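Let's take a walk through this structure together.

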Amino acid sequence: MDQAALQHILTGLIVTWENEVIEFKEANDNFPTSDIGKYFSALANEANLRNVECSWLIFGVRNSDRSIVGTEYRSDAVRLQGLKLQIAQETEPSITFRNVHEFHDGGFRIVMMEIPAAPRGLPIAWKGHFYARAGESLVSLGLDKQDAIRNQTLASDWTAQIVPTASVSDLDPVAVQRARDAFAQKHANRISAADIAGWSTETFLDKAKLTQSGRLTRAAILLLGNAESAYLLNPNPAELTWKLVGQEQAYEHFGPPFFLNTSRLYQRIRNIQIRLLPADELISYEIAKYDQRVVLEALHNCIAHQDYARNGRIIVTEFPDKLTFENEGLFFEGKPEDYIIEQKTPSRYRNPFLTQAMVQLNMIDTMGFGIRSMHETQRKRYFPMPDYKIDGSVRMTIYGGVVDPAYTRLLMQRTNLPIGDVLALDRVQKNLLIPEIMVKHLKHEGLIEGRKPRFHVSAQVAAATFKKAEYIRNRSFDDRHFQDMIVELIKKFGGAKRQDIDTLILDKLSDTLNDTQKRTKIGNLLSGLKSKGKIQNSGSRTAPNWQIKE
């Protein structure tokens, strides 16, 4: 918002004066962050209860006479915006300001902090405590107000429903213990592990927001239920399905506990190592086909956002070069690109009860960081960006290999490209349309060539990178370097067979040599070391065992 818009809003708020969703402070530079966090919790909760979109915490206005006096609070812009992260780190569920505005009115500096209303069904806590307003005073959020917020979604949230016949015996003991460990890790800064270990199972489940009045919910069965408890959720299948397609075909279903079985599903995926050669480097770069954190982030998002009322299963399909993740229901708030480019923070959730529990167990965050993190990780791995298809369900694709070598070479060469440019280049390599303004930008930067609609990554950039890589692949170290490597290998392990030495050296020799020439080269290196009296063969001629010669 520009200065005129902010002044207009401030004038209106001053006329309204303080109520439960507006707080004015003079606030010097020493105003405690802990107090801001308490006001954040109180104002967010009150905005929810009064059905208003946001509340305001304003610094630079005197409370007693409504006069504008200005504030020196965090006059450095970087420190001021850093307040967002500090608030996000200590609120539960994790949430922060929509924006922190700074402007001048009549020469006085004003800071206006825009606080979103607490999501439906989820009261906001600061460092484990819920706050509210009573007139102009900060007070604890009473049980009646907590219940009023939590009850907002109980009727519509499938995961919040109580399972009348379920008991603790329907939970998987290993899953409960692992969940307790994850909860302790999540809250290590304010609850001691010893205290958490001493809680009864019922107390832990209540603290982890998996029960209501001591009774198990559908969320508890999904996350921690034993395999036999799935029938309690009928007709919902309560399944994660892994499906392998291609020359080989296979599948496996995973029921509760999802808290453990997401990792078990991940282990079914064939995650081989892929070798890339970065520009200007002499050693190839080995990378897993899929990043474990990206896979689990995608799978946990499917669990958190599935429309369980549609009684479908979550499906992970493994193709030779990619994975797809499919869950029922439309993208619940906004579009994927909102979270990638604008770093959007979601204000509501399809399954707030389940989402809150997954946050407590350290499975997800509720700040929208996950989608951007997956894209950043793929970018750093030089792989294509994830794709989304939304048509009654959400289908996300994660690539496990190169689509266009020119795109990959460009990312290896230009590691500091803005994420917006990377997303546009990714669409170019997939022959998808990009906005005209982005076409002009990428052409100006020399990153793409061609004419609409057939753009491609600039041949000049790709060729330059390829020539560097080709030179590196065809160049070899001198013999002394390889002989030093062999001696180091033998010293470290007390001996080495020819197969061990081949494994160490073969892929590092010049690509101008064929396999036979490479093996001959290694034989000559060994002969040279032997003739220098540095190593000796303690095995046979056909099965040598090389050792350091004393």
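The protein has 20 helices and 23 strands; helices (H or I, at least four residues) and strands (E, at least two) are DSSP runs, numbered from the N terminus. What you're looking at is a predicted model, where local features need pLDDT of at least 70 and side-chain atom pairs count only at pLDDT 80 or more, while totals for chains, interfaces and linings use all residues. Residues are numbered from 1 along each chain as its sequence is written, and side-chain values use heavy atoms, with hydrogens and water left out.

First, the overall picture. Taken along the principal axes, the C-alpha atoms fill a box of roughly 95 × 65 × 55 Å. Of the 550 residues, 49% count as buried; here buried means under 20% relative accessible area, exposed means over 50%, and partly exposed is in between (1.4 Å probe, protein chains only). Look at contacts, too, meaning heavy atoms within 4.5 Å. Among contacts with a separation of 6 or more, 63% are between residues 24 or more positions apart.

Now find helix α1, residues 3-16. Which residues of α1 are buried? They are L6, L10, L13 and I14. These cover an arc of only 100 degrees around the axis, so they sit on the same side of α1; the arc is that of the directions from the helix axis to the C-beta atoms. The buried residues pack against β1 (22-25), β2 (54-59), β4 (99-105) and β5 (108-116).

Next comes helix α3, residues 77-90, whose buried residues are L80, L83, I87 and A88. Their cover includes α2 (33-49), β3, β4, β5 and β6 (125-126). At the start of α3, a side-chain oxygen of D76 reaches to within 3.2 Å of the backbone nitrogen of V78. That is a polar contact: a pair of N or O atoms within 3.5 Å, where, within protein, one must be able to donate a hydrogen and the other to accept it, and residues adjacent in sequence count only if both atoms are side-chain atoms.

Helix α10, residues 292-305, also has end C-alpha atoms 20 Å apart, which agrees with the span its 14 residues should have. How many of those residues are buried? The count is 11 of the 14, so α10 is largely enclosed by the rest of the structure. Among the buried ones are E297, H300 and N301. D291 caps the N-terminal end of α10, with a side-chain oxygen 3.0 Å from the backbone nitrogen of R293.

Further along, R379 lies in helix α13 (residues 369-380). Is R379 buried or exposed? It is buried, because its relative accessible area is 12%. Its side chain reaches the backbone oxygen of L417 at 2.5 Å. Leaving aside residues up to four places away in sequence, R379 touches M385, L411, T415, L417, P418, I419 and V422.

Most residues other than glycine have a negative phi, and most peptide bonds are trans. A cis peptide bond joins E92 and P93, with omega about -10 degrees, and P93 lies in the loop between β3 (91-92) and β4. Another cis bond runs from N234 to P235, with omega near 10 degrees. P235 is in the loop between α8 (218-224) and β11 (240-244), and that loop also holds A238. A238 isn't a glycine, yet its phi is positive, about 50 degrees. A238 is buried, with a relative accessible area of 2%. S213, in the loop between β9 (211-212) and β10 (215-216), has a positive phi of about 50 degrees as well, although it is not a glycine. S213 counts as exposed, at 77% relative accessibility.

Terms used: Expected span 1.5 Å × (residues − 1).
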